[in-house]
Amino acid sequence: MRLDLRLNAIVDPERAGGYQLADLAARCVRGGATLVQLRDKRSDTRALIEQARAIKRALSLFATPFVVNDRVDVAMAADADGVHLGQDDMAVEDARRLLGSGAIIGLSIKSVEEAEAARLDLIDYIGSGGVYSTSSKQQKNVPIGAAGLARIIAVLRRRAPDLPVCGIAGIDASNAAEVIAAGGDGVAVISALSLVPDPEAAARQLREIVDAVLAKRGA
């Protein structure tokens, strides 16, 4: 089954806006998030597993899948639905071997070259960017913009036409439509969902924007 990537809500303790991550994840899902990802670069392994388990419990009433950024071991221990890997994380071949065929594996792709080289047959979705400037992580490269995203998506569509792709980095209600117009199937969002008074309402607004552009595209 093709993964619904319309709104990928990324929860991060460094950008949580005072919310508990499990509560934040549930609020985002109630607003329309179709995938939740835990990204935590600083916690030790035991704390990270407990955080992942708490999010998994909070999402138990929903059908929304939950993945862990980078950490295959944490995803396995917390019984998450899968992982999201960067280019410097565990190879997708190894992650697939450990997690099995039923797990979700996402991969970050930042360039046309990476899009050409990736083992697309082993993954379930792509997160591509950074599309815009973001303060949620250190950006080593210049943002690729909607045009750069479109070039990467063109390569991915040629190689794997049905593989869903979401744009990531600096995306909010002001530019989400551009990401979908560039060919994206959805958006991955952190601050625009967490550093706001009402994450549920923010998620609902983003979903409305994404759904409207997808409908125009006939997707």
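**View 1. Met-90 sits in the loop between strand E4 (82–85) and helix H4 (92–99).** Helices (H or I, at least four residues) and strands (E, at least two) are DSSP runs, numbered from the N terminus. Keep in mind that this is a predicted model, where local features need pLDDT of at least 70, side-chain atom pairs count only at pLDDT 80 or more, and totals for chains, interfaces and linings use all residues. Residues are numbered from 1 along each chain as its sequence is written, and side-chain values use heavy atoms, with hydrogens and water left out. Met-90 counts as partly exposed because its relative accessible area is 32%; buried means under 20%, exposed over 50%, and partly exposed in between (1.4 Å probe, protein chains only).

View 2. Thr-34 is buried, with a relative accessible area of 10%. Leaving aside residues up to four places away in sequence, Thr-34 touches Asp-4, Leu-5, Arg-6, Leu-7, Thr-64, Pro-65 and Arg-207 (a contact means heavy atoms within 4.5 Å). Look for the backbone nitrogen of Arg-6, which lies 3.2 Å from a polar atom of the Thr-34 side chain.

**View 3. Thr-34 and Cys-166 are 132 residues apart in sequence, but 12 Å apart in space, C-alpha to C-alpha.** Across the protein, 61% of the contacts between residues at least 6 apart in sequence join residues at least 24 apart. Of its 219 residues, 51% count as buried.

Note on methods:
Polar contact = N/O pair within 3.5 Å; in protein donor to acceptor, adjacent residues only side chain to side chain.
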